[in-house]
Amino acid sequence: MRGLRKGVLGVALAAVVVTGAGGSAGAVGPAAGAEADLSHHGHVSLWDGRVGVWLVSENHGPSDVSQATVRLAFSVPMAGGPELPPACLWSSDRVVSCRTGALRAVGGAGELVLDLRTAAFPEEMTVEVTTAWRDGVADLNRGNDRHRVLVLATGDPYVF
């Protein structure tokens with residue numbers, strides 16, 4: 001059953017990625033040569049088998065991005081947690097993918113908060129944050145939208 005649920009969620013995420021949130025078949029895609037500079041920053045905490053992720057996605061321009069997907073990959077299996085926000089889906093037991101919403105050029109921002117549980121009680125884990133999709137818009141500065149964070153089970157916020 002879990003495998004079937006993962007497959008259905010994966011197909012649903014693929015549909016969202018292809019069409020965009022609320023997109024229609026006649027929607028116009030990004031202009032050829034459109035460029036943006038997406039960034040993801042925030043912090044991650046790990047304590048007592050719980051993981052808290054606080055993330056802000058921004059677009060430093062010059063073009064708007066109608067939709068992007070941020071991928072959070074955990075080095076340990078997750079047990080879930082309270083319901084994910086409506087813009088997020090489990091891609092596997094170690095990966096959550098979330099839509100950022102529209103990000104306007106030079107200042108568009110989207111916030112994401114996750115409260116998850118690990119399958120066990122790890123003393124440490126790594127979290128990889130990457131942009132998985134950005135609606136066909138080029139991003140020549142990939143250094144600020146890819147992070148790998150080592151998180152110790154201290155409850156402290158590890159900033160990225």
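A disulfide is a pair of cysteine sulfur atoms within 2.5 Å. The legends below refer to a predicted model.

**Figure 1. The disulfide between Cys-88 and Cys-98.** A search of the whole structure finds 1 disulfide. The S to S distance between Cys-88 and Cys-98 is 2.0 Å. Cys-88 belongs to strand S5 (residues 88-92) and Cys-98 to strand S6 (residues 95-99), with the two cysteines 10 residues apart. The link of Cys-88 and Cys-98 is right-handed, with 115 degrees about the S-S bond. Cys-88 has 5% relative accessibility and Cys-98 has 1%; both count as buried because the cut-off is under 20%.

**Figure 2. The salt bridge between Asp-115 and Arg-50.** The whole structure contains 3 salt bridges. In the pair shown here, the N to O distance between the side chains of Asp-115 and Arg-50 is 2.5 Å.

**Figure 3. The salt bridge between Arg-148 and Glu-128.** The closest N and O atoms of Arg-148 and Glu-128 are 3.6 Å apart. This pair links distant parts of the chain, with Arg-148 in strand S9 (residues 146-152) and Glu-128 in strand S8 (residues 124-133), 20 residues apart. Arg-148 counts as exposed, at 61% relative accessibility. Glu-128, at 31% relative accessibility, counts as partly exposed.

**Figure 4. The salt bridge between Asp-145 and Arg-142.** The side chains of Asp-145 and Arg-142 meet with an N to O distance of 3.2 Å. Asp-145 has 0% relative accessibility and counts as buried.

**Figure 5. The protein as context for the close-up views.** The secondary structure comprises 1 helix and 10 strands. From the N terminus on, the order of the elements is α-β-β-β-β-β-β-β-β-β-β. The protein has 160 residues, of which 41% count as buried. Of the contacts with a separation of 6 or more, 72% involve residues 24 or more positions apart. The accessible surface comes to about 8300 Å², and 56% of this surface belongs to carbon and sulfur atoms.

Terms used: Residues are numbered from 1 along each chain as its sequence is written. This is a predicted model: local features need pLDDT of at least 70, side-chain atom pairs count only at pLDDT 80 or more; totals for chains, interfaces and linings use all residues. Side-chain values use heavy atoms; hydrogens and water are left out. Helices (H or I, at least four residues) and strands (E, at least two) are DSSP runs, numbered from the N terminus. Buried means under 20% relative accessible area, exposed over 50%, partly exposed in between (1.4 Å probe, protein chains only). Contact means heavy atoms within 4.5 Å. Accessible areas come from the Shrake-Rupley method with a 1.4 Å probe; for residues, only the protein chains shown count as cover. A salt bridge is a side-chain nitrogen of Lys or Arg within 4 Å of a carboxyl oxygen of Asp or Glu.
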